[in-house]
Amino acid sequence: MADTFHIGWYATGLRGAQMENTLADVTPTALRYGATGWSLHRSADDRYKFLQIVHFADKADFERWWHGHEMETFRVVTSGWWQVPVLYVPHDLIGSCYVEEAPVEIGNGVNAPEPEPVAEA
């Protein structure tokens, strides 16, 4: 059961900034179609390369988004901004983990307060 879809985009010359901004606007629309999450990545080595990742519990919901008004309009308006073909690749999510940043007042842990002892009842 695929629930993560990776879409690779490669911007044409001098369109990297426009692609970044427009992809950043359109990617969150997946949530309207039942996506459980999304992320957008721009390569640090090749600034024209983007990876759009959306998480759906059901492939039919993904296809509704992919063929929906927002994504179709995006592809029409930006059709000269990226190289074809653009293919989505379904993936099975095996695991994930995200670590929240520590609050600023704790810092890097060097001066972290000692834990309070637990009183026994």
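What share of the 121 residues in the protein do buried residues make up? Buried residues, those under 20% relative accessible area with a 1.4 Å probe and protein chains only, account for 28%.

This is a predicted model, in which local features need pLDDT of at least 70 and side-chain atom pairs count only at pLDDT 80 or more, while totals for chains, interfaces and linings use all residues. Residues are numbered from 1 along each chain as its sequence is written, and side-chain values use heavy atoms, with hydrogens and water left out.

**Figure 1. Overall arrangement of the protein.** The protein contains 3 helices and 4 strands, arranged along the sequence as β-α-β-β-α-α-β. Helices (H or I, at least four residues) and strands (E, at least two) are DSSP runs, numbered from the N terminus. Of the contacts between residues at least 6 apart in sequence, 70% join residues at least 24 apart; contact means heavy atoms within 4.5 Å. The accessible surface, from the Shrake-Rupley method with a 1.4 Å probe, comes to about 8,400 Å², and 56% of this surface belongs to carbon and sulfur atoms.

**Figure 2. Packing of helix 1 (residues 16-26) with helix 3 (residues 69-77).** The two helices pack at an angle of about 170°, and their axes lie 10 Å apart. Helix 1 is therefore roughly antiparallel to helix 3, a term for angles over 145 degrees. Axes are lines fitted to C-alpha atoms, for helices over the stretch in contact, and angles run from 0 to 180 degrees between N-to-C directions. From helix 1, Met19, Thr22, Leu23 and Val26 meet Glu70, Met71 and Phe74 of helix 3. These contact residues divide into 5 nonpolar, 1 polar and 1 charged.

Figure 3. Glu70 counts as buried, at 17% relative accessibility. Leaving aside neighbours within four places in sequence, Glu70 is in contact with Val26, Thr29, Arg32 and Tyr33.

Figure 4. Most residues other than glycine have a negative phi, and most peptide bonds are trans. Leu14, although not a glycine, has a positive phi of about 65°. Leu14 is exposed, with a relative accessible area of 77%, where exposed means over 50%.

**Figure 5. The cis peptide bond from Val84 to Pro85.** Omega for this bond is near 5°. Pro85 lies in the loop between helix 3 and strand 4 (88-91).

Note on methods:
Parallel < 35°, antiparallel > 145°, perpendicular 65-115°, else oblique. Nonpolar A, V, L, I, M, F, W, Y, C, P; charged D, E, K, R; others polar.
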